[in-house]
Structure formats: C-alpha cells, structure tokens
Amino acid sequence: MSALRSWLRGSSAAPSSKTSSKGGSPLPSPATSSLGLNGHAKAPLSPALREISDIEDAMAAAGLIMNDDIEGAEAGLRSRENGSAFHQLGLGLSTFMRSVLGFEKEIMTEAANRLTETENRAWNDMKKAQKEAEKASGGGGGGWFSSKPATTTGPYETGRAAGSVSKIYPPGSEFALVYALAQLMNAVVGVMHESLTEGLKGFYKLRKAYYTLDGIMQAEEQYLRSLQGGGLGSVPVPVPPRPRMSDDLMPGSFDETEFLDLEGNDTPAGKEGSDEEFVDIVKDLSGRQTPGSIPALNVVKPSEPKPASDAHSAADTKVLDEKLGQLAISGTLPDNVSASSRPTTSSSISQPVRSTYGADKDLFTNPVDIFVHSGVNMCFGILLLIISMVPPAFSRLLYVIGFKGDRDRGVRMLWQASKFPNINGAMAGLVLLAYYNSFLGFADILPSEQDIAEQLARSDAEAGEVDAVGYPKEKCAALLADMRVRYPDSRLWKLEEARVLAGDKKLEEAIALLNDNTDSKMRQITALNNFELAMNSMYVMDFTSMRDNFLRCVELNNWSHSLYYYIAGCAELELYRNEFHRAAGLAEGDAEKRVAVTQAQKHKRTAEEHFKRSPTVAGKKKFMARQLPFEVFVCRKLAKWEERAKALELDMIDAVGVSPAMEMIYLWNGSKRMESQLLERARGYLRWERCTVDEAKVAKIKEEKDEAAIAALAESALLRQLGKAKEAKALAGPLLEVDRMLFKGPTRDDYCPAAAHYEMAAVAWMDACDPQSWPTANEKGSAATQEDVEAFRKEKTEECQLYLDKVSTWEGFVLDARFGMRVKAGVETLKWLRSKKGW
C-alpha cells in the first residue's frame, strides 16, 4: 500500500466519485490537501487510493459473513467513516444471507430496503465516475483522471480508458458491478416474496442485472483480445460487434412496457426500469454506442393491448397471474434476427490467455480488477446457472426474464470466481457446492463414470463441459477443504461436508457431523443444519430422531411449519405401527404386551395431533402469491385419509395406507443416499402388512389406484438404487397404462402418472450406462461389437429422452416443480452425451 501511496502522491486529481452515505461532501482531492506542502503521508488519500482502500476494507469485513460472523461483518462495515458503496453492498449482503437462509419475511423486507439503498448509491457513484472520466478525457492534469497514460510505474498500472483506476474496465465499472449485485440479490428476495407483483419485479431486476453484467464482460473480453495482439502495449484487437440487446432475448419474451406498471418509488435516481438506463450502462461499459432505445420484443399476446388508463391495473395479482397464464410463446425467431447472429456460449478468447475455467488469475493484480473480475464471474455465473435450472413447470417465467440460462458457462464462471480468496470467491464456491450436492445430488440421470473418463481422455475435451453435468468429486473436495481453512469457524462449510458424506451414502457419518455442528452464531445456519439432520434421520429411518428434529425445525425456521408437523406425524405413525405389531406378536397377559399397547396408543394420539395441526398452519408462507406445493400436497393427503376413514369407519391414523414416511423418502429422492441395507429395510416398511387394519379393509385401500401407484413407485426407486432395473421396470411399467383420470380429484395423488414415466426414463438410463445390461451377442449370434453396444446405448438414450419429454410437457400437477428439477438435469445429461457421441 505504501508503494501505491508514493506512486499516486503529488498527482492532481478531480474530486472523488463517491459521496458519503450520510450525505456529506466529497472527499478532498490531493490538490486541495496538505499533501503538496511538505510531502508528509498524513495527507488525505487520493481518489484512486481511497477507492482501493474502500474495496479492500469492505471485502475484508464482508468476508466475516462466510465465517458465520455477520455481527462482526456489520460492525466492520459500519465502522468506516463515510462508508462507500462497497460497504453498503456488504451490509446488503449480510441481510440477504440471513433472508435466504431463514426465509423470514421481516428479514426479507429489511434486505430489500438495504439493497435498494445500495442500488441508489451505486448508480449515483457510477454516473459520477463516468462524468469525471469524461471531463478528464478532454484534458487536464495527470493522475487518476488524467487523459494521458501515467509515465511512472507502480503496483497498479493505469487503465487504458481515461479516468479509470482499472487497467481493464472502463470508468465506473466497479460501481456498475455493485449495482448489478444489489439488483441480483434484490431480485432473489423479490422472487421469494409472497407477492406475485414483487416476484415479477424481481424477474425484471434479473433482466437489468443481466444487461449490466454483460456490458462489463464485453469490456473484459476486449482487453483479453488485446493480449492476443502482442501484449499490453499493442493495439487492441477490435471486438466483433455483439448482437443487439433484443437479439439476445428469447422470442416471445415480454416488452419493457410490460413492466412500467411495476415501477415504484424505490428506483435509483428515479430512473430504474427505463430503457435509457440499459442503454447508458451498456454504452458506458462497452465503449460503443448502442441503439437509442430498446426495440420492442416479440410478444405474442392473446388479445389487444389495454388502454393506457388501465396501465396500473396490471400490478394486480390476479391480472398479472392471468398475463403469465395466457402468454402465447412463440417458437420462432423475430423476423429481424438471424440464427447466425445469436451469441454463442463458447468463449472466443484463445486458450493461451485462458486457464481451465477462464482468464488466467495472474492477469488480475489491481484490487479493483480483482473485485470486478471475481464479482462479475460470481454474479453472472449464478444468474446463468439458476436460470438454466428452471424446471419445465416454470418455463413461462423465462419469458418474463427474457433470456436463457447457460449451465456450462455459468459453472465455468463460478469456478473462475472461486479462484480468488475473497467474498466473491467464497460465494461462488458456496453456490457450486450447493449445485453439486443438492441439485445434482438429487438427480438420477447423470453421466456415468465411464462416459466422463472417456470424454476427459479426448485431446479436445474441456473439463468445464463435464463439470456442468457431472460431479467433479476431487475438485469439490479441494474447494471445500480450501473453504474450511479460510473460514475455520463457519458451520456452513461443515454442513456442506455433511452433504458430501450423505451423497457418498455415508449417512451415519453425516449425522454425526451434523450433530456436532449445532452451535453456529447464525440462527439461520443452525436451522439449515437441523433440517439436514432431520432429513438424514428420515433416510436412516431413525423415527425418534426424525420426529424430534422436524419439531425443532418448527422452533428454528418459519419456512413451512405445515410440512414439519406432517413429517413429524409420519415418524410417529411408524412408531405406532412398530408398537402395534410388536404387541400383536406377544401373548395375552404378557407384561411387555401391555407396555407395547400403551406405547402404541401414545404414538397414535401424537401422530394424529401432528397430522391435524399441519393444515391449520398451512398457507402462511407463499411463493409468488401461491401456496407452497408441499403444503398443498399435505392438505390433500390429510383430506384423503379423513375421507377414507369415514368410508371405512376407522380412526384416521388406521386409515393410512402406504407408509407416508417412505413416500417422503421417495419424493426427496432419499434412496440415492441410502446403502443397500437401508434400501432393503425401507422395502420392508412398504409392505401392506404394516397397516393396522384387517385384510379386508387393506384390500379396499389397495383398490385405490393412486395408493397402489405410490407403493409401486416408492419400491421401484429403491430397486433402482439396488441395481435391479428389471424389477423396477416391472413395477413402474404397468402404471403407464392406467387411465390418468383415476388420479384426478381434490384428494388424489396426481403426481403418480408423471412419476411413473420418470421412473421408466431412469430405468432406461440405467440400461444405457450399465455394462451388465449391454448386449453380448448381436442378431446374427456372434459376439457383440462396439458398434452393437453403441447402437444399444443410443436406443436406450432415445427411450429415456422420450419419457423425459413426456414428463416435461405434462399438464400441471401439485409436485411438478419437484420432478421438473430432476427432469431438467436428465435432459441436460442426455444433451451432453448425444453431442459427444454424435447421435
């Protein structure tokens, strides 16, 4: 820092681009300070040095968040006199982390307010930096805002753009990044909000963050291209013009005017949401003139536009919901856009200036460049990855956002950001681990180890292509180990380690680690840890721990008390059935029989209490103005049991058929985490003999098609994990022939037909990847050749694709999003394999 101070000392500079968060005057420039009088270091910092100091101070303080010390982080971020936009971003991040980890409405509101303040501050600072740079480019003295390159050398070189403290990015890019980061976090908070209007505002912010980040990436690519021309001193190689903004949008997406009625008073400088804002950002960051306004997007509407006087009525939840529901999606490109003009996902930067996942880390030495590069890769990577994972049930929302995700590119950018030991790298690492341990961890149709090894062995293979669809175990282990070292006091990384253990079918080790990880400083992390412990207890079928941990979730978290009580009731039901059948096996007069009967009645009463309490707390938490799918599922399930109990003249607990605990394991795909011993044990809990009524009434329950289907689907999944594909297919296959109408109704489990098609897709994929299923002889009776094997695999892959396509286009059902996530992962896997095989 002292070298930088001496390098910048004595330079004439314009006033700082930052204003105090308290509304104070701009920092004095070195020219007006006592710096030039005696040369003493007590003079005020130059604007460039001040900005670098602000970034480093804010990044260091924000880093405490990833060590479970949000209070320490906020204290550090507030301690800076005249805190910068970077400090405000850190404060917004701290509240955002608490909101997304805990799903608490009050904290979401606080996060939204803080992030809106950050947007305002960053917008003003960005515009001021750009104006100062524009003034400097027209003449003036040397220093930070000089129009001439600095002739002295120092730790950080002067940027190519006049007035930029960065050598890579145009003036104001660092504030543009803060603006985009605040928008992205604000968008996530908005989508999690219970209001549909707030959710749509969130999607609108995603659009704007995308444009800002894309502009920054264009500037970086231009710099990297210049390295191809012979180094930093060479003439930059011109960047081929990118398609216009409208060309990068999806056909059929919403026009900007669709969002005019969503604009409120929480807009930066009163301009948020305007076309001019998008144009300004991209023009300023790319250095090129963009169209004066954003062209109208290709919106296919079912009816004529409403009069202008009705504009504000669109903010009404019902109307907005109808707009989404009635949106006709065009599958064709706009007339003025050619297919060849679409931006490609692969980078056009040559390999010599790029490492495995992106630009060489050593190219970024300036703290501002490090902040912007790691931040834009983290932010853009998250954006592209999240949008790419939107399940088919929510595909219409992509047309609100207006652009497509890109899983490959998103994963690459996150790995690139994770190289940097700052808060941006830590956030990128956290998202990567969540992606691999949660999203891919619950998927069934993933590349086989053989296909991954075969692809990596190719000379033209890129690791990033495999990492987006497969699980790079060694890289994830190294990333997690690095984070544990960097943040030794954090319980969040221990939680991720437990998820890794569970993914390796080491549930007992995972449970032990989670039990030793309950003392986080952050209540939200403690709640997440407890939920993970509750789920793992369910997978090992420790029903006492399962019950206790889900009841503790009620105390720690407000997300879905209805679901927590329901699963606690499922645990009590299994304990009741255990004691009921134990008592039935003991002789009359046996003291143990009396104890078993007493315990059975106790568990029966408690199970009924939890079940009946569940619907009374349902609907308190909503997503996009709609009740949570699992809460809808729970309410329908309980209505079904009560209806059956009345028809068969039974207590509700005795009217339960298939084990609801095993059904929950199926719906959460817990069988993927279970060893063979647990899988066989789970099959035992699915036996109809576990019911607590006579055979005649069990037969009545089995007559219900959806009830029989649940038992078949749950066991089919267990058999798949046991490697018994034929047996699994024998259970799921017949369900395809059952009339769909039998699964419709307010008390029917409507997910069963779609789930049966998914099970068939998973079985077909097993055959495609398991060498034991491959043909050993061809039709001529001779030994099967490699061509025969490839033909078989192609056939099974196409069969899998056929089933997945049917599920992805299935009519809506209660749990469609839950199955849609697995379908999405499967579709990406098949797409990857077919492209590599040339099928």
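A residue is called buried when its relative accessible area is under 20%, exposed when that area is over 50%, and partly exposed in between, with a 1.4 Å probe and protein chains only. The model is predicted, so local features need pLDDT of at least 70 and side-chain atom pairs count only at pLDDT 80 or more, whereas totals for chains, interfaces and linings use all residues. Residues are numbered from 1 along each chain as its sequence is written, and side-chain values use heavy atoms, with hydrogens and water left out.

**Exercise 1. Describe the chain as a whole.**

Step one: of the 839 residues in the chain, 56% count as buried. Step two: the chain holds 32 helices and two strands, where helices (H or I, at least four residues) and strands (E, at least two) are DSSP runs numbered from the N terminus. Step three: a contact means heavy atoms within 4.5 Å, and among the contacts with a separation of 6 or more, 75% join residues 24 or more positions apart.

**Exercise 2. Find the largest nonpolar core and follow one of its residues.**

Step one: a nonpolar core is a set of buried Ala, Val, Leu, Ile, Met, Phe, Trp, Tyr and Cys residues joined through side-chain atoms within 4.5 Å. Step two: the largest such core has 211 residues, and those with the most contacts inside it include Phe633, Met664 and Tyr751. Helix α7 (residues 173-192) supplies the largest share of this core, 14 residues. Step three: leaving out residues up to four places away in sequence, Tyr751 touches, among others, Phe633, Tyr666, Leu667 and Phe819. As background, nonpolar side chains in soluble globular proteins tend to be buried together.

**Exercise 3. Work out how helix α22 packs against α25.**

Step one: two packed helices are described by the angle between their axes and the distance between the axes. Step two: the axes of α22 (residues 561-584) and α25 come within 8 Å and cross at roughly 130°; axes are lines fitted to C-alpha atoms, for helices over the stretch in contact, and angles run from 0 to 180 degrees between N-to-C directions. Step three: α22 is therefore oblique to α25, since angles under 35 degrees count as roughly parallel, over 145 as roughly antiparallel, 65 to 115 as roughly perpendicular and the rest as oblique. Step four: on the α22 side the contact includes Leu563, Cys570 and Glu574, and these residues belong to a group that meets Pro660, Ala661 and Met664 in α25. By class, the contact has eight nonpolar, no polar and one charged residues, where Ala, Val, Leu, Ile, Met, Phe, Trp, Tyr, Cys and Pro count as nonpolar, Asp, Glu, Lys and Arg as charged, and the others, Gly among them, as polar. Cys570 is buried, with a relative accessible area of 0%.

**Exercise 4. Compare two loop residues with positive phi.**

Step one: Lys505, in the loop between α18 (492-503) and α19 (507-515), has a phi near 65°, a positive value in a residue other than glycine. Step two: Asn669, in the loop between α25 (660-667) and α26 (676-685), has a phi near 55°, again positive in a residue other than glycine. Step three: Lys505 counts as partly exposed at 29% relative accessibility, whereas Asn669 counts as buried at 2%.

**Exercise 5. Place Arg818 in the fold.**

Step one: Arg818 is in helix α32 (residues 816-837) and counts as partly exposed at 26% relative accessibility. Step two: Arg818 and Trp668 are 150 residues apart in sequence and 8.4 Å apart in space, C-alpha to C-alpha. Step three: leaving aside neighbours within four places in sequence, Arg818 is in contact with Phe630, Leu667 and Trp668.
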